Amino acid sequence: MSLREAIRILMLSPIYFRLSLPQRWQLVREYCQRFNASKT
């Protein structure tokens with residue numbers, strides 16, 4: 001999953017907008033890592 005796809009999905013959550021910018025980037029990176037790990 002690309003960062004752009006992850007951001008698009010996470011933006012559907014109202015909690016995403018309550019996070020600070022560094023917290024958002026951390027969430028996006030973790031989401032991508034976990035998604036990509038589950039595909040292997």
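Of the 40 residues of the protein chain, 15% count as buried. The model is predicted.

User: Where do I start? How many helices and strands does the protein chain have?

Analyst: Start with the elements. The protein chain has two helices and zero strands. Helix H1 covers residues 3-10, and helix H2 covers residues 21-38. Then take the overall extent. The C-alpha atoms fill a box of roughly 30 × 15 × 15 Å along the principal axes.

User: How do I read burial? Is Tyr-16 buried or exposed?

Analyst: Look at the relative accessible area. Under 20% is buried, and over 50% is exposed. Tyr-16 has 9%, so Tyr-16 is buried. Phe-17 has 46%, so Phe-17 counts as partly exposed.

User: What about Arg-4 and Pro-22? Are they buried or exposed?

Analyst: Arg-4, in helix H1, has a relative accessible area of 66%, so Arg-4 is exposed. Pro-22 sits in helix H2. Its relative accessibility is 58%, so Pro-22 counts as exposed.

User: Now a charged residue. Which side chain of opposite charge is nearest to Arg-24?

Analyst: Glu-30, at 14 Å. A salt bridge needs the charged atoms within 4 Å. Arg-24 is buried yet has no salt bridge.

User: What does Arg-24 touch, not counting residues up to four places away in sequence?

Analyst: Arg-24 touches Tyr-16, Phe-17 and Leu-19. Take two of these in turn. The side chain of Arg-24 reaches the backbone oxygen of Phe-17 at 3.2 Å. Arg-24 also lies over the face of Tyr-16, at 5.0 Å from the ring centre.

User: How do I compare distance along the chain with distance in space?

Analyst: Take a pair of residues and read both values. Arg-4 and Val-28 are 24 residues apart in sequence, with their C-alpha atoms 9.2 Å apart in space. Pro-22 and Leu-12 are 10 residues apart along the chain, and their C-alpha atoms are separated by 18 Å.

Terms used:
Residues numbered from 1 in each chain as written. Predicted model: local features only at pLDDT ≥ 70, side-chain atom pairs only at ≥ 80, totals over all residues. Heavy atoms only, no water. Helix = DSSP H or I, 4+ residues; strand = E, 2+ residues; numbered from the N terminus. Buried < 20%, exposed > 50% of the residue type's maximum accessible area, 1.4 Å probe, protein only. Lys, Arg positive; Asp, Glu negative; His and termini not counted. Polar contact = N/O pair within 3.5 Å; in protein donor to acceptor, adjacent residues only side chain to side chain. Contact = heavy atoms within 4.5 Å. Lys NZ or Arg CZ within 6 Å of the ring centre and 35° of its normal.
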